Amino acid sequence: MAADARGGQLSPRLPAALLAATRVLGIAWAVPCTLLGLLVGAAGLPFGAHAHLRRADCAIVFHRWPWGPGGAITFGNVIVHTGDTLDSPCVTYAHRAGLREEARIRIGDHERAHVYQYMVLGVLFLPLYLLLGGVSGRNPFERAADRYALTGRGWWPWSR
């Protein structure tokens with residue numbers, strides 16, 4: 001995936017055809033993880049979950065997923081969410097851990113950053129994510145997703 005020099009969204013400077021091809025390649029590279037997400041999300045359908053495509057997030061979103069502590073999790077191009085809308089505000093991982101005060105973020109922006117990360121890393125995302133700390137404010141993937149949700153830039157964990 002191409003990222004602009006500021007570390008923000010998928011590069012809008014690329015010609016439209018090249019940008020579309022890059023997105024298709026990223027989506028294809030993430031297919032194994034996306035299939036896992038579809039299985040997880042579909043398990044909730046008989047219990048009230050519902051799914052829809054969110055083009056802006058490059059993802060299929062399952063809302064009202066009936067299990068878990070609340071919030072959302074991303075698998076490839078699938079976001080599984082326990083709430084009604086990804087427009088819900090939430091706190092960053094650093095804020096929750098008491099490391100610093102930060103403004104509330106939109107959960108959908110945070111999860112979109114993970115979609116982009118999967119589109120770059122494909123099946124390598126999950127082992128790297130777990131190796132770097134899992135669900136934790138210390139994980140560079142989570143810090144980058146929070147940064148992206150706060151600023152609209154910097155979804156890549158090692159961007160400046």
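Just after α6, Gly152 takes a positive phi of about 80°. This is a predicted model, where local features need pLDDT of at least 70, side-chain atom pairs count only at pLDDT 80 or more, and totals for chains, interfaces and linings use all residues. Residues are numbered from 1 along each chain as its sequence is written, and side-chain values use heavy atoms, leaving out hydrogens and water.

Helix α6 covers residues 140-151. Helices (H or I, at least four residues) and strands (E, at least two) are DSSP runs, numbered from the N terminus. The 12 residues of α6 should span 16 Å at 1.5 Å a residue, and its end C-alpha atoms are 16 Å apart, which agrees. The expected span is 1.5 Å times one less than the number of residues.

At the N-terminal end, Asn139 caps α6. A side-chain oxygen of Asn139 lies 2.8 Å from the backbone nitrogen of Phe141. Buried residues of α6 include Phe141, Ala145 and Tyr148; buried means under 20% relative accessible area, exposed over 50%, partly exposed in between (1.4 Å probe, protein chains only). The buried residues of α6 pack against α3 (93-96), β6 (105-106), α4 and α5, with contact meaning heavy atoms within 4.5 Å.

Now to strand β3 (residues 72-75), which holds Thr74. Thr74 counts as buried because its relative accessibility is 7%. Beyond residues up to four places away in sequence, Thr74 touches Ile79, Glu111, His114, Val115 and Tyr118.

Val123 sits in the loop between α4 (107-121) and α5 (125-131). Its relative accessibility is 39%, so Val123 counts as partly exposed.

Technical notes. Polar contact = N/O pair within 3.5 Å; in protein donor to acceptor, adjacent residues only side chain to side chain.
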